[in-house]
Amino acid sequence: MRISAHMVCSAVRDDIVFGVFPPGARLTEELLARRYGVSRVPVREALRTLESEGFVVSRRHAGACVARPTEQEAADLLDIRALLEPLGTARAARRRTEAQLRVLRGLVRLGLQRAESGRLSDLRALEDWYHETLARASGSPSLASLLTQLRRKITWVYAAEPPLRAVAVWREHGAVVDAVARGDAERARALASEHVERSVAVRREQRPVAARDSRRKGPVRRTKHGVNTPCENP
């Protein structure tokens with residue numbers, strides 16, 4: 001089966017978000033082609049897409065590298081989330097389908113079960129699924145795409161959110177879904193705003209990963225897929 005540039009882009013993006021390629025790491029076409037079992041052509045296209053999304057930068061004499069967002073850029077992501085997520089939730093209350101509502105309710109049940117039983121390792125995937133479904137329920141593909149990309153970037157920049165409030169978080173999600181089910185856009189917006197404020201407060205206590213590592217000049221590292229060297233500062 002031919003692997004498309006879109007699939008390669010998703011794979012590289014996931015590896016960046018989850019720290020396989022840390023901020024500043026060089027991304028050579030040869031290394032990535034070998035890692036994903038593809039030619040350099042889809043890799044090249046994928047890197048261009050990731051550069052347009054802000055995950056990758058290209059530097060003269062260094063090639064493509066994982067971007068290093070500044071602390072201000074990281075803080076801006078949280079501010080943007082605080083504006084966009086309540087908007088998307090309010091629209092979902094007006095536009096969601098019954099199928100989307102069933103998925104959201106099912107995810108809330110699963111999330112609460114996992115949180116209450118201490119199975120925290122399952123929650124990241126459920127969180128992603130919940131937020132992507134809620135974003136799609138807004139009925140606006142452009143807004144849903146922005147929200148999904150924003151969430152990926154926040155996960156990347158700040159790493160995993162400490163699971164200090166896992167049960168409370170899923171109860172908050174449940175309250176949001178109840179408001180969406182009733183078609184109460186203003187209540188859904190208010191609940192989403194409160195949830196984002198609490199989540200953002202936790203994030204602001206974390207120093208962004210890229211900022212923590214910005215002064216670390218790591219040595220050349222050899223992985224099973226090739227040599228991964230850090231990019232030099234511009």
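Colleague: Is Thr 89 buried or exposed?
Modeller: Two notes to start: this is a predicted model, in which local features need pLDDT of at least 70, side-chain atom pairs count only at pLDDT 80 or more, and totals for chains, interfaces and linings use all residues. Residues are numbered from 1 along each chain as its sequence is written, and side-chain values use heavy atoms, with hydrogens and water left out. The scale calls a residue buried under 20% relative accessible area, exposed over 50% and partly exposed in between (1.4 Å probe, protein chains only). Thr 89 has a relative accessible area of 1%, so Thr 89 is buried.

Colleague: Which residues does Thr 89 touch, leaving out those up to four places away in sequence?
Modeller: Thr 89 lies in helix H4, residues 71-95; helices (H or I, at least four residues) and strands (E, at least two) are DSSP runs numbered from the N terminus. A contact means heavy atoms within 4.5 Å. With residues up to four places away set aside, Thr 89 touches Leu 134, Val 176, Val 180, Ala 188 and Ala 192.

Colleague: Which residue's backbone oxygen lies 2.9 Å from a polar side-chain atom of Thr 89?
Modeller: A polar contact is a pair of N or O atoms within 3.5 Å; within protein, one must be able to donate a hydrogen and the other to accept it, and residues adjacent in sequence count only if both atoms are side-chain atoms. At 2.9 Å from the side chain of Thr 89, the backbone oxygen belongs to Glu 85.

Colleague: What covers the buried residues of H8?
Modeller: The buried residues of H8 include Trp 170, Val 176 and Val 180, and two of these, Val 176 and Val 180, are touched by Thr 89. The cover includes H4, H6, helix H5 (98-116) and helix H9 (185-204).

Colleague: How far apart are the end C-alpha atoms of H8?
Modeller: The expected span of a helix is 1.5 Å times one less than its number of residues. H8 has 17 residues, so it should span 24 Å. The model agrees, with the end C-alpha atoms apart by 25 Å.

Colleague: Which residue with a positive phi follows H8?
Modeller: H8 covers residues 166-182. After the helix comes a residue whose phi is near 75°, and that is Gly 183.

Colleague: How are the rings of Tyr 130 and Trp 170 arranged?
Modeller: Rings of Phe, Tyr and Trp (its six-membered ring) pair if their centres lie within 6.5 Å; planes under 30 degrees apart count as stacked, over 60 as edge-to-face and the rest as tilted. Tyr 130 is in helix H6 (residues 123-136) and Trp 170 is in H8, 40 residues apart. Tyr 130 is buried at 1% relative accessibility, and Trp 170 is likewise buried at 1%. Their ring centres are 5.9 Å apart with planes at 65°, so the pair is edge-to-face.

Colleague: Against which helices do the buried residues of H6 pack?
Modeller: H6 has 14 residues and reaches 20 Å between its first and last C-alpha, close to the 20 Å expected. Its buried residues include Leu 126, Tyr 130 and Leu 134. They pack against H4, H5, H7, H8 and H9.

Colleague: How many aromatic pairs does a search of the whole structure find?
Modeller: One has Phe 55 and Trp 156, whose ring centres are 5.0 Å apart with planes at 45°, so this pair is tilted. Another is formed by Tyr 130 and Trp 170. Over the whole structure, the number of pairs found is two.

Colleague: How far apart in sequence are the parts that Phe 55 and Trp 156 tie together?
Modeller: Phe 55 is buried at 0% relative accessible area, and Trp 156 counts as buried at 6%. Phe 55 sits in the loop between helix H3 (40-53) and strand E1 (56-59), while Trp 156 belongs to helix H7 (residues 141-158), so the pair ties together parts whose separation is 101 residues.

Colleague: Which residue has its charged end over the ring of Phe 55?
Modeller: A charge sits over a ring if NZ of Lys or CZ of Arg is within 6 Å of the ring centre and within 35 degrees of the ring normal. Here the charged end is 5.7 Å from the centre of the Phe 55 ring, and it belongs to Lys 153.

Colleague: What percentage of the residues of the protein counts as buried?
Modeller: The protein has 10 helices and four strands. One of its buried residues is Ser 138, at 0% relative accessible area, in the loop between H6 and H7. Of the 234 residues, the share that counts as buried is 47%.
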